Amino acid sequence: MSRQKQKGTRLETAVVDYMAWALGDHGIHRETLHGSMDRGDIGGVYLQGEPVTIEVKNTARLDLAQHYREAEIEAGNKDSVMPILVQKRFGTGISTMDGIGRQWAIMTLETLCRLLNHGLPIGDEAGDEEAM
């Protein structure tokens, strides 16, 4: 296994361990690869019964646009409206729960509003996005 792959696997495992501990849910797990139909790196995460897609990156260079686009595509493969990117934070280790909990969790404002609305639809019920 390449060094980069090992770094990614180590962070994915740390994220799973942290989330299982934080949420008291040991059904959270690393997803298996599905080729072009990948469904994110972390599985077993739900909000109000709806799947949450979590893509994990441990890269030296922060590429939000590319990595978040990957999370969105994988959310589509999973039929999820909640793509979240977890990015390794430079200079913050992952050997402790505190360090893992301080990694970046990146999402759009829309996803944040869905989370704050407990996974329920946001905006007006008619679905008029131009209401503003």
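1. Ground rules. The model is predicted, so local features need pLDDT of at least 70 and side-chain atom pairs count only at pLDDT 80 or more, while totals for chains, interfaces and linings use all residues. Residues are numbered from 1 along each chain as its sequence is written, and side-chain values use heavy atoms, with hydrogens and water left out.

2. The largest pocket. About 420 Å³ of space lies in this one. A pocket here is an open set of points on a 1 Å grid over the protein atoms alone, where a 1.4 Å probe fits, with protein on both sides within 12 Å along at least five of seven lines; lining residues have an atom within 4 Å of a point. For the volume, grid points are joined across faces, edges and corners, and the space filled by probe spheres set on the points is taken. The largest pocket has 22 lining residues, and Tyr 18, Met 19, Ile 54, Val 86 and Ala 105 lie nearest its centre.

3. Who builds that lining? Helix H1 (3–23), strand E3 (46–47), strand E6 (83–87), helix H3 (97–101) and strand E7 (104–106) each put in at least two residues. H1 gives the most, with five. Helices (H or I, at least four residues) and strands (E, at least two) are DSSP runs, numbered from the N terminus. By type, the lining of the largest pocket has 18 nonpolar residues, three polar and one charged.

4. H1, strand E5 (53–57) and helix H2 (64–78) each supply at least two lining residues, and H1 has the largest share, five residues. The lining of the second largest pocket divides into 10 charged residues, six polar and two nonpolar.

5. Salt bridges. How many salt bridges does the structure hold? There are seven, each being a side-chain nitrogen of Lys or Arg within 4 Å of a carboxyl oxygen of Asp or Glu. One of them joins Glu 31 to Lys 78, with the closest N and O atoms 3.6 Å apart. Glu 31 lies in the loop between strand E1 (29–30) and strand E2 (42–43) and Lys 78 in helix H2, so this pair ties together parts that are 47 residues apart in sequence. Glu 31 is buried at 17% relative accessible area, and Lys 78 is buried at 9%. For the labels, buried means under 20% relative accessible area, exposed over 50%, and partly exposed in between (1.4 Å probe, protein chains only).

6. Two more pairs. Lys 57 and Glu 55 meet in a salt bridge at 3.4 Å, N to O. Lys 57 counts as buried at 15% relative accessibility, and Glu 55 does at 2%. Glu 55, Lys 57 and Glu 70 are linked in a network of salt bridges. Arg 61 pairs with Asp 63, the closest N and O atoms being 3.9 Å apart; here Arg 61 is exposed at 60% and Asp 63 partly exposed at 21%.

7. A nonpolar surface patch. Leu 109, Leu 112 and Leu 116 form it, with about 320 Å² of accessible area together. Patch residues have over 30% relative accessible area and no salt bridge; like charges are joined within 9 Å, and nonpolar side chains (Val, Leu, Ile, Met, Phe, Trp, Tyr) within 5 Å. The areas come from the Shrake-Rupley method with a 1.4 Å probe, and for residues only the protein chains shown count as cover. Leu 109 lies in helix H4 (residues 109–116) and is exposed at 61%.

8. Single residues to look at. Most residues other than glycine have a negative phi. Gln 48, though not a glycine, has a positive phi of about 55 degrees; Gln 48 lies in the loop between E3 and strand E4 (50–51) and is exposed at 55%. His 118 also has a positive phi, near 60 degrees, and lies in the segment after H4.

Note on methods:
Ala, Val, Leu, Ile, Met, Phe, Trp, Tyr, Cys and Pro count as nonpolar, Asp, Glu, Lys and Arg as charged, and the others, Gly among them, as polar.
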